[in-house]
Amino acid sequence: MRLSRYFLPVLKENPAEAQIVSHRYMLRAGMIKQQAAGIYSWLPLGYKVLKRIEQIVHEEQIRAGHIPLLMPTLQPADLWRESGRYDDYGQEMLRIKDRHERDMLYGPTNEEMITDIFRSHVNSYKDLPLTLYHIQWKFRDEVRPRFGVMRGREFLMKDGYNFDLTKEDALHAYNRHMVSYLRTYERMGLTAIPMRAASGPIGGDNTHEFLVLASTGESEVFYDDRVTELKLGTRDVDYDNRAEVLGICDEFTSLYARTDETHDAAVFEQVPEAHRKVGRGIEVGQIFYFGTKYSESMGATVVTADGSRVPVEMGSHGIGVSRLLGALIEANHDDKGIIWPEGVTPFHCGIVNLKQGDAATDAACEGLYKALKAQGLDPLYDDRDERAGAKFATMDLIGLPWRITVGPRGLANGVVELTSRRSGESEEMSAEAAVARIAQIYADHP
Ligand code: 5CA
C-alpha cells in the first residue's frame, strides 16, 4: 500500500478522553473512531489488525478440530426464556422489539442459540464429539464502557461450544480449548496465563480465565512468576491424544496463578517469596465447563448406544478478539507508539523515502516495494511529500516492526537501512539483502 493513497487519519495531539496507552495509540494511529459510548468504527489500519487476529484464531481453532459457522447478532427472546436467562441477564442485555412487537435481543453470548441448532439436527451419540464456534459481534450494555476496545459495549468475540457424550469427553474438550488458546496467544506474541476463575452468568464450576499481565489490567492477579516463562514454542500438539493435551494443561496450571475471586492467601504463601508476585491482568479469554446446564433446560439430548436418551455435556469458550488489540498494545509499546509483534502487524514493513521526487530514490523505493510484494509481503510505502522526521514519527506511531529507509546518500554506496522498531537498531545492507531478511523473518512467523 502507498501511504499517499491510504486512509490513515493519524492525530498529532493526545485525545483527552483516552486514559490508557492502548486507547490513546489506537485513536492517534487512526485505527478506530468512537461512534457512541463503547461502540467503534474500525478504520482501515485497525480493521487490518483485527482481521489478522481473527485469522490466527480461526487457524488455531481449525487445527484443534473445531468447526466454524456463523450465527446472527440478533436473537429471539424466546430461546433465552427456555434457559431462564432472559430474566437473569439483567440490564447488560440490549432488548429490542421488532415491528410485530416480538421480543428480540442483541446477543451477549450464544449458548442458547447453539443449543437450539444442536437439538434441531443432532440426535445420536454417533455424531459426537462436536465443537462449533463462530467469530461474531456481541453487545453487552456495560455500566462503565471504558478504555476503548478493552471494555466496549459492542465487541468481537470468538465463542465456541463443545457437545460431548460424557463428562470425561467434555473435560477433554475443555483441555483442548486451553491448549489451543495458549497456542493462539503465543502466535500473537502474547503471554496469557490461565488462571482458575469464577463463572458468573455463564454458569458451571470449572472455568479458567486467560490473563495478559499489564499494569492497566482490570483484574488483580496473584501468581508465581515462573509461570510467565512457560512456552509451547514449536511443539506440535496431537489434539486427539488426551494424555498429551492434559499434560500440557497440567504444566501450564501447576504453578500458582489466581484472580481475586479465587485467590487463596494460605496457598499463595507456599510459593517461594522470590517468585510471589501480585499484579494486574487483562482478561483475553475464558473457558467454561458447565455440563448439562443448557442441554437439560432446552432438551438437547442424544440417544446412547444402549438406546437411552441423555442430555448432552457442554462447555463454552471465548476469546476477546477486539479486546486483544488493546491488550497487545498495552504489552507492546514505547513512548513513540505501538510496537506490533510480527504475528499481528498490519503491514509487514514500512518503506520510508527520504527524498520524494528525487528520481534515483523514487526508483529505488519502487523497486523495493515491488520486490517485497513479489515475496508475498505486504509493505506500507511512505511516498508522501513530507519531511523525514514526520515520516519516522508516523512509522513509529503505527508500530510496523521493520522499516527500510531509502535516501540518496545510502544509495550512492549501494545500501538502504533496515531498522527494528523494537530494538531501534539499524543495519545497512543492499536492497536485495533487506528484502531477503524480511522474507526470512516472516517465514519464521507463519
Ligand atoms: N459464552 C462465554 C464463552 S464463549 C462467554 O461469553 N465468556 S466471557 O463472558 O468470558 O467472554 C469471553 C471474552 O470476551 C472475555 O474473556 C473477554 O476477553 C471478552 N469480553 C467480554 N466482555 C467484553 C467487553 N465488554 N469488551 C470487550 N471484550 C469483552
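Predicted model: local features only at pLDDT ≥ 70, side-chain atom pairs only at ≥ 80, totals over all residues.
User: How do you know where domain 1 and domain 2 lie?

Analyst: The domain assignment, which is automatic or from a database, places domain 1 at 3-338 and domain 2 at 349-443. Their centres, taken over C-alpha atoms, are 37 Å apart.

User: What makes residues of domain 1 and domain 2 count as in contact, and how many are there?

Analyst: Contact requires heavy atoms within 4.5 Å. By that rule, 16 residues of domain 1 touch 13 residues of domain 2.

User: What is the area buried between domain 1 and domain 2?

Analyst: Buried area is the accessible area (1.4 Å probe) that two parts lose on being put together, summed over both. Here the value is about 1200 Å², with carbon and sulfur atoms giving 57%. Leu3, Lys336 and Ile338 supply 44% of what domain 1 buries against domain 2, more than any other three residues.

User: Why is the pair Asp378 and Lys48 called a salt bridge?

Analyst: A salt bridge needs a side-chain nitrogen of Lys or Arg within 4 Å of a carboxyl oxygen of Asp or Glu. For Asp378 and Lys48 the N to O distance is 2.4 Å, so the pair qualifies. Asp378 lies in the loop between α11 (359-374) and β20 (379-382) and Lys48 in helix α2, so the pair ties together parts 330 residues apart in sequence. Helices here are DSSP runs (H or I, at least four residues), and strands are runs of E of at least two, numbered from the N terminus.

User: Why is Lys48 called partly exposed, whereas Arg85 is called buried?

Analyst: Buried means under 20% relative accessible area, exposed over 50%, and partly exposed in between (1.4 Å probe, protein chains only). Lys48 has 22% and is therefore partly exposed; Arg85 has 3% and is therefore buried.

User: What is the salt-bridge partner of Arg85, and is that partner buried or exposed?

Analyst: Arg85 meets Glu111 at 2.9 Å, N to O. Arg85 lies in helix α4 (residues 85-88) and Glu111 in helix α5 (residues 111-121), so the pair ties together parts 26 residues apart in sequence. Glu111 has 1% relative accessibility and therefore counts as buried.

Key. Residues numbered from 1 in each chain as written. Heavy atoms only, no water.
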